[in-house]
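The entries follow the order in which I searched.

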Amino acid sequence: MDDDINTKIPTHQFGFRENHSTTQQCHRIVNEILKSLEEKKLCTAALLDIQQAFDRVWHDGLLYKLKATFPTPYYLLLKSYLTNRYSQIKYNTETSDNFPIHSGVPQGSVLGPLLYLIFTADIPTRNDTVMATFTDDTAIMASNENPQTASLSLQIHLNQLEAWLSNWRIKVNKTKSAQVTFTNRKTDCPVVTINGTQLPVKNEVKYLRLILDQKLTWRPHITAKKTQINLKLRQMNSLIGRKSKLTIENKLLLYKAIIKPIWSYGIQL
């Protein structure tokens, strides 16, 4: 069954998949940006924040897709897992009635991420754009020598995405989403909209813990990492500072566990 599932999940989805990591997805994004910069193109990207992604998975829609994906025995098993769930609120000594749950996949479970990937597997893609998803972290990119053409390709993709989002009751947090243009030129691509609202235009964006600036200099990312490391060093000074009585071995262990991951994440890029 694992092979059948893998064929249903699109290649642009790297979340919760074997041999797929955040760093590898970032490689795809950065490679596309570098290629655009080298070819003197403009690369405009929309980074979308999916609102309460796991909590808003529509059960009826998910069951429809599960029925089309799995043999009947597996479908019925998953249906029994999702249906007849109830929630209850307790405040001090008072307890509410039971309310049926019609959306959401159980978080913290093994099946939760898989069900979300199946639910969003048919998200629209286009040949003239690049889609990159890591669970609910979604980026769409379009490149062209002409800024209007690049934005038009991105806008057409967003228009198709709007209909898909509406059909499957998924919402985008437009204020937390962003558009950025990666270029060495002094011009930006025209703005794009989703559901009639213009995406905020930014000079740098954060995607999978990497800060990407317009010219891909990495300066904002390095500055942020230095600040983060200095904060951690101050917080841990009593443990790893010169006056600490910990052994060198234990100090090194703390460094490798807490400090090193901050600067080493994504350093291949």
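I am working from a predicted model, in which local features need pLDDT of at least 70, side-chain atom pairs count only at pLDDT 80 or more, and totals for chains, interfaces and linings use all residues. Residues are numbered from 1 along each chain as its sequence is written, and side-chain values use heavy atoms, with hydrogens and water left out.

Entry on cysteines. I searched the whole structure for disulfides (a pair of cysteine sulfur atoms within 2.5 Å) and found zero. I checked C43: its sulfur lies 8.2 Å from the closest cysteine sulfur, that of C189, which is too far for a bond. For C26 the closest cysteine sulfur is in C43, 14 Å away, again too far. I noted C43 as buried (under 20% relative accessible area; exposed is over 50%, partly exposed in between; 1.4 Å probe, protein chains only), at 0%. C26 is buried too, at 2%.

Entry on salt bridges. I counted three in the whole structure, taking a side-chain nitrogen of Lys or Arg within 4 Å of a carboxyl oxygen of Asp or Glu.

I looked at D122 and K65, which pair at 2.8 Å, N to O. This pair links distant parts of the chain, 57 residues apart: D122 is in the loop between α5 (111-119) and β6 (130-134), and K65 is in helix α3 (residues 59-69). Helices (H or I, at least four residues) and strands (E, at least two) are DSSP runs, numbered from the N terminus. K65 is buried at 9%, whereas D122 is partly exposed at 37%.

I then recorded K41 with E39 at 3.1 Å, N to O. K41 is partly exposed at 22%, and E39 is partly exposed at 38%.
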